[in-house]
Amino acid sequence: SHLLYIATPVSVEDTHKVAATPRDERTESTFAMGSSIDFIDVVDKLLDMVRIDHGLSPDEPFDRVSVPSKGRPAPLSLATAQQLGILPTRSVPPLLTHLLPERAAPAACRAYLQELLLHPPPPDVALGIQEASVLFARATVGMPQLEVLPPSKVAKLISQREASHTFFADVASMTRGVHDLLTHEHGDIRRAGELLMKPTSLKLGHAIDAEDLA
């Protein structure tokens, strides 16, 4: 028997619940439990790859040990980030290019995703981002257009008094997009916007509320 050690943002009790839930019911129940979507399926796929890489039989058993999270995970080391392809290295394909191709996503979105990978957020924030992504992906209605303005650019132009009419027009457009997102007629879109307040609060360093912004 082999030992698999996995650090997850779920408690031991939730892990047992997920393991005991039928596979076709896990996706619908995981958000209510506060665990990852279909996390056990992801682990099963990982174990299949480990068995193949080490020449083990398909039914080779593994003992799983889950450890409850105790706060925000530690940032990735330089070596780990390079081995995962998060930071550029010659021998490893870039992970960001696979997740968000350069032509399919703004540079600010790619930079934010890289920041999340290098400095993983607390479990509740990570689960909020995950749920919001799922809600956006399955939406069947039009979503508000959200302008992406780099925070450093906004701060620099305002502090140095170099902001132009075009800049303020972009800020106004971004503000309207946020308002439309938080007051959207479709419940899933509104819920996704509310969930994104968690990572936004983490980024700003203080809590913000969707009702106040809307």
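In which helix does Glu211 lie? Glu211 belongs to helix H12 (residues 210-213); helices (H or I, at least four residues) and strands (E, at least two) are DSSP runs, numbered from the N terminus.

1. Basis of the note. This is a predicted model, in which local features need pLDDT of at least 70 and side-chain atom pairs count only at pLDDT 80 or more, while totals for chains, interfaces and linings use all residues. Residues are numbered from 1 along each chain as its sequence is written, and side-chain values use heavy atoms, with hydrogens and water left out.

2. Overall architecture. The chain contains 12 helices and two strands, in the sequence order β-α-α-α-β-α-α-α-α-α-α-α-α-α. Of its 214 residues, 27% count as buried (buried means under 20% relative accessible area, exposed over 50%, partly exposed in between; 1.4 Å probe, protein chains only). Taking contacts (heavy atoms within 4.5 Å) between residues at least 6 apart in sequence, 58% join residues at least 24 apart.

3. Negative patch. Glu194, Asp209, Glu211 and Asp212 form a negative surface patch. Patches are made of residues with over 30% relative accessible area and no salt bridge, with like charges joined within 9 Å and nonpolar side chains (Val, Leu, Ile, Met, Phe, Trp, Tyr) within 5 Å. Lys and Arg count as positive and Asp and Glu as negative, while His and the chain ends are not counted; each charge is placed at NZ of Lys, CZ of Arg, CG of Asp or CD of Glu. Glu211 is exposed, at a relative accessible area of 71%.

4. The model has five salt bridges, each a side-chain nitrogen of Lys or Arg within 4 Å of a carboxyl oxygen of Asp or Glu. One of them joins Arg51 and Asp48 (3.1 Å, N to O). Both residues lie in helix H3 (residues 39-53), three residues apart, about one turn of the helix. Arg51 is buried at 12% relative accessibility, whereas Asp48 is partly exposed at 36%.

5. Lys203 is partly exposed at 44% relative accessibility, and Glu115 is partly exposed at 32%.

6. Pro123. This residue lies in helix H7 (residues 123-137) and is buried, with a relative accessible area of 16%. The C-alpha atoms of Pro123 and Lys70, 53 residues apart along the chain, are separated by 9.1 Å.

Notes. Accessible areas come from the Shrake-Rupley method with a 1.4 Å probe; for residues, only the protein chains shown count as cover.
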